[in-house]
Amino acid sequence: MLSNQEVAEELLGKFGSQVFDFEEPYGMLTLSTTREEILSVLEFLKEHSHFQVNFLTDLTGIQYPDKQGQEFMVVYHLHSFIHNFRVRIKVSIPEADIHIPTATGLYACANWMERETYDFYGILFDGHPNLKRILNIDEMDYFPMRKEYPLEDATREDKIDALFGR
Amino acid sequence: MADIELLPHQVPANADLPELVEELTTLNLGPTHPATHGIFQNVLKMDGEKIVSGEQTIGYIHRAFEKIAERRPYYQITTLTDRMNYCSSPINNLGWHMTMEKFLEVQVPKRAQYIRVIMMELARISDHIICNSILGVDTGAFTGFLYVMQKREEIYEIYEEVCGARLTTNMGRLGGMERDLSSTAIKKIKDFIQSFPPVLKELEKLLNRNRIFMDRTINVGAISMERALSYGFTGPNLRAAGLDYDVRVMNPYSSYEDFDFSIPVGQNGDTYDRYMVRNEEMWQSLKIVEQAINNLPEGPYYADAPEYYLPPKQEVYRSMEALIYHFKIVMGEIDAPAGEIYHAVEGGNGELGFYMVSDGGRAPYRLHFRRPSFIYYQAYPEMCKGSSLSDAILTMSSLNVIAGELDA
């Protein structure tokens, strides 16, 4: 059984201040890194002879429109079957320069997950072999999961958000 | 004589030949093809009967669940989840409830956990019998499908008895079940445990050692364990490739640790192994259902969590507190704390995960569904490369790609 402490210390020893914001919500080790280091962190965890965190469970995006310079976030969920250990890695990127390197070189399944994230948020994964829309139509000219597109018609006056949802 | 066009093999070796152009046929498999069992398209490049490459187009039934979920109160998201893998909707529903219960730290009583296990395992059986019998249909054996369809009907009747619906079940509530197992439901479950084994044995007799079925499925659409892991396979498809990863055992939820069952694994990761793994899983699921119904604990079927679980209707008319809670829950006035959580359950096709970020409001700030079909279906072109079209159909069928889960 691998402890969060052990992995966190190893990551801090290797990457120093490039990994930060360590948390443990509901027991899952959560940390942030930069987009320059994300591939090295993923590869380090994958190739580590003891940890063997070699399964990409999930990859998705989140938008925080109010955070200046960190408007978008890509979240990776990784899993080590050997130790039954999960880890969550977050990378914040600015809206002005919405790029992040692709993980397709490490995990084949990142292909569609990154396409989905691009489709929803417009996050550009540099080096992706086929970065185009996956669930929405190709002709769509906006990124629908962004917070600036409200779910309901904003001009409606008969439904007050405070009473009927966000 | 000079004008006669020569057939290729009659062309003299030293003749001036025109540059040979690539002669591949493009074949559209789908979007609405009966053999794909769902709405998705494959553009295949064929060299005669052999598949050279393929490209998938998905999203035909994309319903933007993740976007819709950002506006809905937590309890209204349940109805979105059962439209994902509609062959085993209770697993989706209860998986979502368990995510929220873990997030809000609600303790669910043993009885509710056991009822959930029964419903989830019945759902797994109904998922797997469809997949396996359709695989039979695709190899040309229609009869088995009709036999087991009758049994799925019985499972749907049990759903009906437990939650009132058959397909889009909306089963369970945050904190427990919406009602206790009725005596009719218990009788129906016990009848099912009695009557299902002979039917499944008959299906096994039809297919398992059938020469034609084996010739059509062994070494068809095989994937190695390394590739399967890289492609994010989970569930029966990963186990068929030889890795015994099962969320029910690795991260037990809803009292799965109380039950005695084993995880079948395959060796070659081919269509036959996937079939056999699902087949054995049905026996294991049946074993779990039997243990759960025989050891069903007494006690309440919902948690003592008045903020999240609707009070009994009679109380709403009599007591002020119940009325207030009823109003607040129905209007979605209950705020969840800020935080984030990832919770996974073993769905019909593999690890069904829910990643939820809350900012303290009444609806999730971000909700992402880890949908196993979506993730492993991208391996399909690699798996059917070089095989014939008829084998590619079997490969797809044995992967059990569910369009609702693919597109969300």
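Student: In what order do the strands of the open sheet in chain A lie?

Tutor: Strands here are DSSP runs of E with at least two residues, helices are runs of H or I with at least four, and both are numbered from the N terminus; two strands pair if DSSP finds at least two bridges between them. The sheet in chain A is open, has five strands and shows mixed pairing, and its edge strands, which pair on one side only, are S1 (19–23) and S3 (55–63). The order is S1-S2-S5-S4-S3.

Student: How reliable are such details, and how are the residues and chains labelled?

Tutor: This is a predicted model, in which local features need pLDDT of at least 70 and side-chain atom pairs count only at pLDDT 80 or more, while totals for chains, interfaces and linings use all residues. Residues are numbered from 1 along each chain as its sequence is written, and chains are lettered from A and ligands numbered from 1 in the order in which they are written.

Student: Which residue of S4(A) stands opposite A:Leu56?

Tutor: Strand S3 of chain A and strand S4 (residues 72–80) of chain A run antiparallel and are joined by eight bridges. Opposite A:Leu56, the residue in S4(A) is A:Leu78.

Student: Which element supplies the largest share of the side of chain A that touches chain B?

Tutor: Two residues are in contact if their C-beta atoms, placed from the backbone, lie within 7 Å, and the contact takes 28 residues from chain A and 36 residues from chain B. On the side of chain A, S3 and helix H3 (110–121) each supply at least two residues. The largest share, six residues, comes from S3(A).

Student: What percentage of the residues of chain B count as buried?

Tutor: A residue is buried if 20 or more other C-beta atoms, placed from the backbone, lie within 10 Å of its own, exposed if 12 or fewer do, and partly exposed in between. Chain B has 17 helices and six strands, and its C-alpha atoms fill a box of roughly 105 × 50 × 30 Å along the principal axes. Of its 408 residues, the share that counts as buried is 50%.

Student: How many residues of strand S5 (residues 351–359) of chain B are buried?

Tutor: This strand of chain B has nine residues and is mostly covered. The number of buried residues in S5(B) is eight.

Student: Which residue in the turn between S4(B) and S5(B) has a positive phi?

Tutor: Nine bridges join strand S4 (residues 338–346) of chain B to S5(B), and the two run antiparallel, with B:Glu346 opposite B:Glu351. They form a hairpin with four residues between them, and the turn residue with a positive phi, about 140°, is B:Gly350.

Student: What is the bridge partner of B:Val357 in S6(B)?

Tutor: S5(B) is also joined to strand S6 (residues 366–370) of chain B, by five bridges, and these two run antiparallel. They form a hairpin with six residues between them, where B:Gly360 in the turn has a positive phi of about 95°. The bridge partner of B:Val357 is B:Arg366.

Student: Why does B:Thr57 count as partly exposed?

Tutor: B:Thr57 lies in strand S3 (residues 50–57) of chain B, and leaving aside residues up to four places away in sequence, B:Thr57 touches B:Phe40 and B:Gln41. B:Thr57 counts as partly exposed because its number of C-beta neighbours inside 10 Å is 14.
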